[in-house]
Amino acid sequence: MPDPKTKVCDDCDSVIAADAKVCPACGMDFEETEETIKALDHAEKVRAKRKARSQKEPEKKVETPNQPESVFRKLMRLRKEREANNANK
Ligand SMILES: [Zn+2]
């Protein structure tokens with residue numbers, strides 16, 4: 001039986017303290033990860049809805065080029081930029 005005072009890191013599979021907020025082995029932030037998972041779940045729902053809607057109404061295409069960048073989009077863009085920078089090194 002697993003020790004109730006420990007948990008396994010989702011990222012690196014290290015066994016760490018159950019109340020740890022950050023993995024001491026790989027540095028993963030559990031709270032941040034939970035938030036990201038929630039955001040991704042939400043994005044997934046929105047995407048599914050959009051897909052269903054576009055299949056119902058294939059004629060209607062609403063273009064909103066001047067829409068301000070959402071926080072989520074910005075996050076994804078920054079992450080892509082960071083990955084691109086790392087790849088160049
Ligand atoms: Zn870890």
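**Architecture of the chain and the setting of cysteine 23**

Read along its sequence, the chain follows the pattern β-β-α-α, an arrangement made up of 2 helices and 2 strands. The model is a predicted one, and the values reported here were computed from it. Of the 89 residues in the chain, 1% are buried. Among the contacts that join residues at least 6 apart in sequence, 6% link residues at least 24 apart.

The helix α1, which spans residues 30–56, has 27 residues and reaches 39 Å from its first C-alpha to its last, close to the 39 Å expected at 1.5 Å a residue. The number of buried residues among these 27 is 0, so α1 lies largely in the open.

Cysteine 23, by contrast with that helix, is located in a loop, namely the one between β2 (15–17) and α1 (30–56). This cysteine is classed as buried because 21 other C-beta atoms lie within 10 Å, where the cut-off for a buried residue is 20 or more. When neighbours within four places in sequence are left aside, the residues in contact with cysteine 23 are Cys9, Asp11, Cys12, Ser14, Ile16 and Met28; one of these, Ile16, falls within the range given for β2 (15–17). Valine 8 stands 15 residues from cysteine 23 in sequence, and the C-alpha atoms of valine 8 and cysteine 23 are 9.4 Å apart in space.

Definitions and conventions. Residues are numbered from 1 along each chain as its sequence is written. This is a predicted model: local features need pLDDT of at least 70, side-chain atom pairs count only at pLDDT 80 or more; totals for chains, interfaces and linings use all residues. Helices (H or I, at least four residues) and strands (E, at least two) are DSSP runs, numbered from the N terminus. A residue is buried if 20 or more other C-beta atoms lie within 10 Å of its own, exposed if 12 or fewer, and partly exposed in between; C-beta atoms are placed from the backbone. Two residues are in contact if their C-beta atoms, placed from the backbone, lie within 7 Å. The expected span of a helix is 1.5 Å times one less than its number of residues.
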